[in-house]
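Here is a short note for a colleague who is opening this structure. Please keep the 3D view at hand while reading the points below.

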Amino acid sequence: MRLAGHTLGTPNHTVPQALQLFRASGLDAAEVIYQDDYKSGLPLGDRRSAMEALKAAEGEGVPIVGLTPYTTAINSLDHAEWHQAVDEFRGAIDTAHLLGADRVRVYAGSWHPGDTDHAARWGQLRKALETLAPEAQQAGVRLCVENHFGTMTQTAAETAALVREIALPSVRVLYDQANLTFTHDENYEEAFAVQGDLIGHVHVKDLVFTDPNAAFRATETARVNASERAVRSRVVGSGVIPWTEILGALLQHGYDDVLSIELEYRWHPQDLPAPEDGFRESAAVLRSMLSDPAIVRNA
């Protein structure tokens with residue numbers, strides 16, 4: 001498996017600086033945020049910035065393998081909003097193709113407690129992905145729908161249901177067990193049972209609970225506000241996520257691809273070491289796990 005650094009963990013670095021940090025941390029690749037006004041991201045539709053990032057990636061020997069947009073309106077019932085969101089994803093697909101990246105993260109729209117018209121919004125979400133999937137396939141890109149709160153695919157079951165309904169090879173699951181854990185949804189065995197054959201990308205992070213019995217609550221999609229948090233972010237291997245077992249399960253299900261280390265330093269720097277240390281420590285832990293003969297034997 002290849003280990004990638006995610007620029008969520010480098011908010012104070014430019015993209016070229018983040019790529020240099022990833023190389024120094026012993027990482028193989030990078031996943032880069034695709035969003036305006038984020039220092040460690042690529043602005044929407046900015047070809048010049050993308051070309052500069054590509055040049056830096058080639059210079060560091062750290063290819064950019066994925067993009068992470070924050071677009072959420074692909075389930076909007078507003079015609080103009082929906083079209084704008086679809087066009088933003090088209091821009092992400094085009095930029096990924098330019099960079100040689102083969103995956104784009106997808107938020108499955110926006111969905112929070114109290115929202116209504118689930119069926120209609122789900123229909124818009126399907127329509128968006130069915131529109132974009134052929135374009136993504138032609139560009140050599142897969143759209144990876146994340147297990148993520150604040151969207152219509154918070155759970156593994158919801159994510160799998162959407163991907164199976166679309167039933168196109170360029171739409172896959174982005175597996176994030178930490179997200180499933182802190183929302184009190186599926187454990188890793190349950191997650192693999194419903195979506196294990198659909199995984200096209202993996203985010204790796206860790207956490208500890210401050211109150212394991214607290215009900216999950218989040219009013220936003222990208223992050224959980226400080227007042228709503230019942231967890232603390234941790235370096236991989238120092239929290240409650242059973243990564244050794246998960247790596248074995250990934251191999252058992254045929255996934256031998258990128259593991260993207262999603263150090264949440266952008267959102268929760270108080271929880272984590274500096275990125276230089278956090279990525280280096282995470283990479284060392286993951287490589288140690290992957291070298292465990294038991295993982296390979298059981299796979």
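1. A term comes before the helix pairs. An axis is a line fitted to C-alpha atoms, for helices over the stretch in contact, and the angle between N-to-C directions runs from 0 to 180 degrees. Two packed helices are described by the angle between their axes and the distance between the axes. Note also that this is a predicted model.

2. Start with helix α1 (residues 15-24) and helix α2 (residues 47-60). Their axes come within 9 Å and cross at roughly 20 degrees. Angles under 35 degrees count as roughly parallel, so α1 is roughly parallel to α2. The crossing of α1 past α2 is right-handed. On the α1 side, the contact is made by Val 15, Pro 16, Leu 19, Gln 20 and Arg 23. Helix α2 supplies Ala 53, Ala 56, Ala 57 and Glu 60.

3. Next, look at α3 and helix α4 (residues 118-138). Here the axes come within 11 Å, with a crossing angle of roughly 30 degrees. The two helices are therefore roughly parallel to each other. This crossing, too, is right-handed. Trp 82, Val 86, Phe 89, Arg 90 and Ile 93 of α3 make the contact with α4. The α4 residues in it include Gln 124, Lys 127, Thr 131 and Glu 135.

4. Which residues have the most contacts inside the largest nonpolar core? They are Leu 19, Phe 22, Ile 64, Leu 67, Tyr 175 and Leu 250, in a core of 90 residues. Helix α3 (residues 79-99) gives the largest share of this core, 8 residues. Leu 19 also takes part in the contact between α1 and α2.

5. Apart from its neighbours within four places in sequence, Leu 250 is in contact with Met 1, Tyr 175, Phe 192, Ile 199, Val 202, Tyr 255 and Leu 259. A second, separate core has 6 residues, including Leu 8, Ile 33, Tyr 107 and Trp 267.

6. Is Leu 8 buried or exposed? Leu 8 counts as buried because its relative accessibility is 2%. Leaving out residues up to four places away in sequence, Leu 8 touches Ile 33, Tyr 38 and Tyr 70, among others. Its contacts also include Glu 262, Leu 263, Glu 264, Tyr 265, Arg 266 and Trp 267. By contrast, 30 Å separates the C-alpha atoms of Leu 8 and Gly 123, which are 115 residues apart along the chain.

7. Now check Thr 159, in helix α5 (residues 156-166). Thr 159 counts as buried because its relative accessibility is 0%. A polar atom of the Thr 159 side chain lies 2.7 Å from the backbone oxygen of Thr 155. Beyond residues up to four places away in sequence, Thr 159 touches Val 145, Glu 146, Asn 147, Thr 153, Val 173 and Gln 195.

8. Two loop residues have positive phi values. Asp 37 is not a glycine, yet its phi is about 65 degrees. Asp 37 belongs to the loop between β2 (29-34) and β3 (41-42). With a relative accessible area of 81%, Asp 37 is exposed. His 184, also a residue other than glycine, has a positive phi near 60 degrees. The loop between α6 (177-182) and α7 (188-195) holds His 184. His 184 is partly exposed, at a relative accessible area of 38%.

Key: Residues numbered from 1 in each chain as written. Predicted model: local features only at pLDDT ≥ 70, side-chain atom pairs only at ≥ 80, totals over all residues. Heavy atoms only, no water. Core = buried A, V, L, I, M, F, W, Y, C linked by side-chain atoms within 4.5 Å. Buried < 20%, exposed > 50% of the residue type's maximum accessible area, 1.4 Å probe, protein only. Helix = DSSP H or I, 4+ residues; strand = E, 2+ residues; numbered from the N terminus. Contact = heavy atoms within 4.5 Å. Polar contact = N/O pair within 3.5 Å; in protein donor to acceptor, adjacent residues only side chain to side chain. Parallel < 35°, antiparallel > 145°, perpendicular 65-115°, else oblique. Left-handed = near helix turned anticlockwise from the far one by under 90°.
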